[in-house]
Amino acid sequence: MEVGVVDEPDREALTQAWKSWMEEYIKVSGKVPPGNESGNVTWTRPQPKKKPDLRLTPGRHVQLTVPLEELVDKLVKENKVVAFIKGSRSAPLCGFSQKVIGILEKEGVDYESVNVLDEDYNYGLRETLKQYSNWPTFPQIFLNGELVGGCDILTSMFEKGEVAGLFKN
Amino acid sequence: MSFRGTTTLLSRATRIKSKLQSSLEATVLELDDVSYQHAGHAAMKESSEKETHFNLKIVSDKFEGQSLVKRHRMVYDLLSDELQSGLHALSIVAKTPKEITPHAK
């Protein structure tokens with residue numbers, strides 16, 4: 001560990017000292033000194049673990065015995081709130097899906113999420129869902145087995161303060 | 001010369017506007033192309049498609065008594081051709097003329 005003394009330690013002088021020390025170290029060793037790189041998560045508050053996304057099938061290698069549409073129907077009827085999104089709930093891949101997750105999380109709704117872009121476990125889901133819901137886009141939010149709508153509709157409900165009352169028990 | 005060829009000379013925005021205007025007799029119809037906002041999406045990165053994402057604001061008497069889902073479905077049904085040929089997303093604000101009139105205070 002390096003220890004250095006800085007006379008008249010104001011912010012600028014300290015920053016300069018740190019910079020020159022870093023440059024020296026990099027020159028000598030070719031690397032950034034440990035602990036000085038960004039992206040260190042040791043001291044960040046860990047995100048509460050999110051529920052895993054639901055998968056419709058065990059994988060593409062397994063032959064389905066019932067049509068995918070039936071599996072969708074079963075899923076939305078057995079779970080009170082289901083959000084079909086692009087990406088996972090911990091890493092949504094589209095702005096609309098992200099917004100929907102944000103609203104559901106903010107209101108503390110207990111919901112299931114399904115990643116429609118998952119080609120391994122949800123292969124063919126996008127096309128099947130578009131037919132099933134008669135709705136051409138994602139995300140799609142289902143409540144008690146019925147389509148509530150997409151991002152616009154959920155946002156409008158959220159702004160009117162209707163989400164908690166409708167989606168929570 | 002095919003008629004199909006003639007329609008594709010019009011932009012998607014124009015086609016959407018005219019379809020919605022004629023079927024829903026909209027009193028207000030605002031359509032903004034926001035495809036550029038989604039160009040970085042996972043699903044859009046590889047594509048050079050244009051006119052893929054729009055914001056629509058539409059006011060029509062025909063929405064009277066319809067839930068939001070039904071209103072959006074009406075719009076989507078009218079645009080099913082577009083949705084199957086490269087229109088990826090449509091943000092819809094669908095109101096009735098009554099709903100946009102500011103309340104007299």
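The structure is a predicted model, in which local features need pLDDT of at least 70 and side-chain atom pairs count only at pLDDT 80 or more, while totals for chains, interfaces and linings use all residues; side-chain values use heavy atoms, with hydrogens and water left out. Residues are numbered from 1 along each chain as its sequence is written, and chains are lettered from A and ligands numbered from 1 in the order in which they are written.

## Overall architecture

Chain A contains six helices and four strands, where helices (H or I, at least four residues) and strands (E, at least two) are DSSP runs numbered from the N terminus. Chain A has a radius of gyration of 24 Å, well over the 15 Å that the globule rule gives for 169 residues, so chain A is more spread out than a compact globule. The radius is taken over C-alpha atoms, and the globule rule is 2.2 Å times the number of residues to the power 0.38. The C-alpha trace of chain A spans about 70 × 45 × 25 Å along its principal axes.

Chain B has five helices and three strands, in the order α-α-β-β-α-α-β-α from the N terminus.

Burial is stated by relative accessible area: buried means under 20%, exposed over 50%, and partly exposed in between (1.4 Å probe, protein chains only). Of the 169 residues of chain A, 37% are buried; of the 105 residues of chain B, 37% are buried. A contact means heavy atoms within 4.5 Å. Among contacts in chain A with a separation of 6 or more, 59% involve residues 24 or more positions apart. In chain B, 69% of the contacts between residues at least 6 apart in sequence join residues at least 24 apart.

## Packing of helices 2 and 4 in chain A

Two packed helices are described by the angle between their axes and the distance between the axes. Helix 2 (residues 68-78) of chain A packs against helix 4 (residues 125-133) of chain A at an angle of about 70°, the axes being 10 Å apart. Helix 2 of chain A is therefore roughly perpendicular to helix 4 of chain A, a term covering angles of 65 to 115 degrees. The axes are lines fitted to C-alpha atoms over the stretch in contact, with angles running from 0 to 180 degrees between N-to-C directions.

From helix 2 of chain A, the contact residues include Leu68(A), Val72(A) and Val76(A); from helix 4 of chain A, they include Leu125(A), Leu129(A) and Tyr132(A).

## Individual residues

Most residues other than glycine have a negative phi, and most peptide bonds are trans.

| Residue | Phi | Relative accessible area |
|---|---|---|
| Asn144(A) | about 50° | 52%, exposed |
| Glu25(B) | near 45° | 54%, exposed |

Asn144(A) is placed in the loop between strand 3 and strand 4 (146-149) of chain A. Glu25(B) belongs to the loop between helix 2 (12-24) and strand 1 (28-33) of chain B.

The peptide bond from Phe138(A) to Pro139(A) is cis, with omega near 10°. Pro139(A) lies in the loop between helix 4 and strand 3 (140-143) of chain A.

Lys19(A), in helix 1 (residues 11-29) of chain A, is partly exposed, with a relative accessible area of 42%. The C-alpha atoms of Lys19(A) and Ser133(A) are separated by 58 Å, the two residues being 114 residues apart along the chain.

Definitions and conventions:
Angles under 35 degrees count as roughly parallel, over 145 as roughly antiparallel, 65 to 115 as roughly perpendicular and the rest as oblique.
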